[in-house]
Amino acid sequence: MTVILGRGESGSHVTLIFTINDNSKDFDEQGSLGIGLCLEHGVEIIARGVEGSFGVNVKFIQGQGESELYEQVFKLLSENIININNYNWDLAIKLKLPISQGFGMSAAGAIAAALAIQRAIGEPHEESLRRSFAIAHRVERNRSTGLGDVTALAAGGVERRTSPGSPFTGDLLTKGPGVSEGWFEKIEVLLAWKEDSGKHTSSYIDDPNWKESISKAGAKQMNSLIQGEWDKSQWRKLIESSEIFAHESGLLLDSSRSELLEESRGIIHTLDLEYTPLLCMLGKSLVIVPKNVEDGRFPDNLQQRLKEVGFKTQKTMLRSLF
């Protein structure tokens with residue numbers, strides 16, 4: 001009896017500015033323009049296959065998630081790699097951040113699962129990496145759980161999406177319509193959220209009124225951010241544009257996001273810290289970032305004060321390319 005093992009891992013992603021570009025009937029052409037941060041914490045998966053009748057058993061050994069996402073990854077992967085159907089599979093999944101909070105965890109989970117399965121089968125590294133992004137993008141669009149998280153993670157660091165769509169497409173996994181670029185510095189950020197989760201992403205991106213207000217506000221900010229070199233000189237402008245987008249899109253005043261923002265700002269002001277809280281789209285959560293790229297690690301008293309008023313927190317770092 002043959003037993004195979006593979007490990008896959010992906011960081012998370014927080015969107016700060018975005019548009020909704022889903023008019024095409026082709027999932028590979030759907031996505032978003034936008035700006036966001038790729039982070040170290042995300043999803044880690046071990047895939048174990050035992051030769052025999054095909055089956056999938058999904059087990060969450062850290063965090064809580066949805067088995068359907070991982071079942072869809074298997075379905076799409078097996079259309080390209082027939083050998084997957086010759087094994088009975090167990091997936092052991094570690095979710096290092098909560099789902100439905102704007103941390104791009106469905107994208108991270110789909111990428112990590114696709115990587116783990118292909119590594120167990122023995123697919124070449126570069127090919128399996130590209131296929132993982134392509135599969136994860138389709139899973140995201142099919143489930144309306146995200147638009148540009150996968151394309152963002154394909155860039156890494158502080159990313160800018162300049163064309164919507166999947167980063168890789170087709171049988172040869174050549175470059176897709178989705179275009180993104182990223183720059184990287186060792187920047188520590190602090191994620192903060194309240195226990196109750198936000199709305200499902202689909203309640204925004206599938207709603208005509210939200211689509212219009214979000215895309216209008218996102219396009220306005222991207223018109224300036226899309227210009228020039230994409231590097232750390234854009235950091236201050238990114239922060240300012242993210243704050244404007246949150247207000248003009250209407251997302252700031254929805255789901256008590258403004259209360260979270262004001263509460264965190266008050267604490268940061270009291271502690272006299274040079275940090276800024278930004279909304280993570282589309283959760284009820286914040287990413288607190290240094291105003292200056294060169295600033296060091298977060299002081300522990302900020303995390304402690306946030307916890308005292310009911311926030312869950314997680315320190316993490318920017319993540320570069322895979």
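In this predicted model, the accessible surface of the protein chain amounts to about 13,400 Å², and carbon and sulfur atoms account for 46% of it. Of the 322 residues in the chain, 55% are buried. The chain carries 35 positive and 43 negative side chains, with the centres of the two sets 2 Å apart.

The protein chain contains nine helices and 12 strands. Its radius of gyration is 19 Å, close to the 20 Å given by the globule rule for 322 residues, so the chain is as compact as a globular protein of that length. The C-alpha trace spans about 65 × 40 × 35 Å along its principal axes. Among contacts between residues at least 6 apart in sequence, 77% join residues at least 24 apart.

The largest nonpolar core comprises 98 residues, and those with the most contacts inside it are Phe-18, Leu-37, Tyr-70, Val-73, Trp-89 and Val-287. Helix H2 (residues 105-121) supplies the largest share of this core, with 13 residues.

Some backbone features were also examined. Most residues other than glycine have a negative phi, and most peptide bonds are trans. Ser-144, in the loop between helix H3 (125-143) and helix H4 (149-153), has a positive phi near 55°. Ser-144 counts as buried because its relative accessibility is 13%, under the 20% cut-off. Leu-173 also has a positive phi, about 55°, and lies in the loop between strand S6 (168-169) and strand S7 (174-175). With a relative accessible area of 7%, Leu-173 is buried. The peptide bond from Met-281 to Leu-282 is cis, with omega near 20°; Leu-282 is placed in the loop between strand S10 (275-279) and strand S11 (285-290).

Technical notes: Residues are numbered from 1 along each chain as its sequence is written. This is a predicted model: local features need pLDDT of at least 70, side-chain atom pairs count only at pLDDT 80 or more; totals for chains, interfaces and linings use all residues. Side-chain values use heavy atoms; hydrogens and water are left out. Helices (H or I, at least four residues) and strands (E, at least two) are DSSP runs, numbered from the N terminus. The radius of gyration is taken over C-alpha atoms; the globule rule is 2.2 Å times the number of residues to the power 0.38. Buried means under 20% relative accessible area, exposed over 50%, partly exposed in between (1.4 Å probe, protein chains only). Contact means heavy atoms within 4.5 Å. Accessible areas come from the Shrake-Rupley method with a 1.4 Å probe; for residues, only the protein chains shown count as cover. Lys and Arg count as positive and Asp and Glu as negative; His and the chain ends are not counted. The place of a charge is taken as NZ of Lys, CZ of Arg, CG of Asp or CD of Glu. A nonpolar core is a set of buried Ala, Val, Leu, Ile, Met, Phe, Trp, Tyr and Cys residues joined through side-chain atoms within 4.5 Å.
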